[in-house]
Amino acid sequence: MTLPHGEPPAGPWRAIAGDELASLVMGAAPERHPRIVAIDGRSASGKSTLAGFLHSAIPGSALVHTDDLAWNEPMFGWGHLLADGILAPLRRGEGVTLRPSAWVRLGRQGAIDVPGTTDVVLVEGVGANQREFADLIDFTIWTQSDQAEAERRGIARDIASGVNGDAEQSAAFWHGWMAHETRFLAEERPWERADLIVAGTDVIPLDTGQFAVAAAPDG
């Protein structure tokens, strides 16, 4: 696995069944309600796939995407929305109905809703595990991925969706975004705060329904 400079490779890897992974997450911080789980990783590293699986596997869980908080906000300047608008109220035992100011200003409909009765809240996205609000999170996962494979599938995904234009425009957007993301993650080093590393690209043979996991690397 090829990684950006400064991110140490995790390992040794072991295969676990999806239900075992879900049990690990459900068992985190049982004395706290709700249990807040951050799923962080680089773009196209497999965060959304992992979060979607856990959301389906954990009854009554809620899923928050940081992309919704980042919508029309300064790049990586939305941490206060997650900390103050979602995590802090949950820690007080309150439910959340959040309409970020950009949603109101630009007419985006709906809200980010997390009922107060939720047992497990999954927060997924680049920057889900930031140093400034680490004390509000109970369990953290870093999805580690091969840099070239993540780029390949990230650009392919953007081309297929058309969200960033044609193939040339999508590639240009990807590289521009990654310049910011790489600097941000080099400063934050969220893998050092992770309780578990999950591989988002192939590292060991897996059977259907299995995930490759490793302990968090040092340094």
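**Terms and model**

Contact means heavy atoms within 4.5 Å. This is a predicted model, in which local features need pLDDT of at least 70 and side-chain atom pairs count only at pLDDT 80 or more, while totals for chains, interfaces and linings use all residues. Residues are numbered from 1 along each chain as its sequence is written, and side-chain values use heavy atoms, leaving out hydrogens and water.

**Overall fold**

The protein chain contains seven helices and nine strands; helices (H or I, at least four residues) and strands (E, at least two) are DSSP runs, numbered from the N terminus. Its radius of gyration is 17 Å, close to the 17 Å that the globule rule gives for 219 residues, so the chain is as compact as a globular protein of that length. The radius is taken over C-alpha atoms, and the rule is 2.2 Å times the number of residues to the power 0.38.

Among contacts between residues at least 6 apart in sequence, 76% join residues at least 24 apart.

**Buried residues and cores**

Of the 219 residues, 48% are buried, meaning under 20% relative accessible area with a 1.4 Å probe, protein chains only.

A nonpolar core is a set of buried Ala, Val, Leu, Ile, Met, Phe, Trp, Tyr and Cys residues joined through side-chain atoms within 4.5 Å. The largest one has 36 residues, and Leu-69, Leu-82, Ile-86, Leu-87 and Val-123 have the most contacts inside it. Helix H4 (residues 79-91) gives the most to this core, with six residues. Not counting residues up to four places away in sequence, Leu-87 touches Ile-36, Leu-82, Val-123, Phe-133, Leu-136 and Ile-137.

Conventions: Buried means under 20% relative accessible area, exposed over 50%, partly exposed in between (1.4 Å probe, protein chains only).
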